[in-house]
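Here is a short report on one protein fold. Please look at the sequence and the model first.

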Amino acid sequence: MSMTIDAYGNALGTALTCVDDDAPLPNDSDICVSLARWEKDEATLQSRAEQVAVKLPNTVDVLGLQADVLSRPLLLLDFPSFADGRAYSQARLLRDARGYQGDIRATGEAVVRDQIAGMLRSGISSFELRQDQSAEVVITAIKDFSLAYQGGANVGGAKTSTIRQIRLGSATN
């Protein structure tokens, strides 16, 4: 099973069970569903006692998401490869333009140590690790940078001061 780490470097346990669009819903477990499944079965999914997260394809325009999707406490964004950075933009737009305050979780092949700082600056607040990844490496990456040139949508433990904040005396650290 894969593990999940939050922006403070805390282990959140195992990842959610992602349910295929045509698969039956499991009982008594937190799940994630695709945006298409959410839109199709919203009433059923809303009535579940367990957590239901929505996994957004990196092709969806997050500015057009309905309020019911934005009301979910957890949204998953897909980072399928290093060459595809659309989920960075989605995270930043969810935080800044849509005011989303819930957990934004990065999933996919490109959730790796070298990308963690940029993901945090974009507004990502947790990371779903692959089976082959070390939680310790990701936790260390969360604390790598304490200074940035521009503002970001930081969340969690990686409060990064900007050079401007330091010069003005309003740094966060």
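Q51 is partly exposed, at 26% relative accessibility. Here buried means under 20% relative accessible area, exposed over 50%, and partly exposed in between (1.4 Å probe, protein chains only). The model is predicted: local features need pLDDT of at least 70, side-chain atom pairs count only at pLDDT 80 or more, and totals for chains, interfaces and linings use all residues. Residues are numbered from 1 along each chain as its sequence is written, and side-chain values use heavy atoms, with hydrogens and water left out.

**Around Q51**

Q51 sits in the loop between α1 (35-46) and β5 (52-56). Helices (H or I, at least four residues) and strands (E, at least two) are DSSP runs, numbered from the N terminus. Leaving out residues up to four places away in sequence, Q51 touches L16, D30, I31, P73 and L74. Contact means heavy atoms within 4.5 Å. L74 is 23 residues from Q51 along the chain, and their C-alpha atoms are separated by 8.6 Å.

**The sheet**

Eight strands make an open, mixed sheet in the order β2-β1-β8-β7-β6-β5-β4-β3. β2 (11-14) and β3 are the edge strands, each with a single partner, so one side of each has no neighbour in the sheet. Two strands pair if DSSP finds at least two bridges between them. Two of the pairings are set out below.

| Pair | Direction | Bridges | Facing residues |
|---|---|---|---|
| β1 (residues 3-6) and β2 | antiparallel | three | T4 and G13 |
| β6 (residues 74-78) and β7 | parallel | five | L76 and R105 |

Strand β7 (residues 103-107) has five of its five residues buried, so it is largely enclosed by the rest of the structure. D103, R105 and T107 point one way from β7, while I104 and A106 point the other way. In a regular strand the side chains alternate between the two faces of the sheet. Helix α5 (residues 135-142) lies across β1 and β8 (126-128), at about 15° to β1. Axes are lines fitted to C-alpha atoms, for helices over the stretch in contact, and angles run from 0 to 180 degrees between N-to-C directions.

**Cores**

The largest nonpolar core has 37 residues, and L56, L77, F79, L94, I124 and F127 touch the most other members. Such a core is a set of buried Ala, Val, Leu, Ile, Met, Phe, Trp, Tyr and Cys residues joined through side-chain atoms within 4.5 Å. A second, separate core of five residues includes L16, C32, A53 and L74.

**Aromatic pair**

The whole structure holds one aromatic pair. The ring centres of F79 and Y88 are 5.0 Å apart and the planes stand at 80°, so the pair is edge-to-face. Rings of Phe, Tyr and Trp (its six-membered ring) pair if their centres lie within 6.5 Å; planes under 30 degrees apart count as stacked, over 60 as edge-to-face and the rest as tilted. F79 is buried, at 1% relative accessibility.

**Disulfide**

C18 and C32 form a disulfide, with S to S at 1.8 Å. C18 lies in strand β3 (residues 17-18) and C32 in strand β4 (residues 31-34), so the pair ties together parts 14 residues apart in sequence. The term covers a pair of cysteine sulfur atoms within 2.5 Å. C18 is partly exposed, at 40% relative accessible area, and C32 is buried at 2% relative accessibility.

**The β3-β4 loop**

D28 is found in the loop between β3 and β4. Its phi is near 60°, a positive value in a residue other than glycine. D28 is exposed, at 68% relative accessibility.
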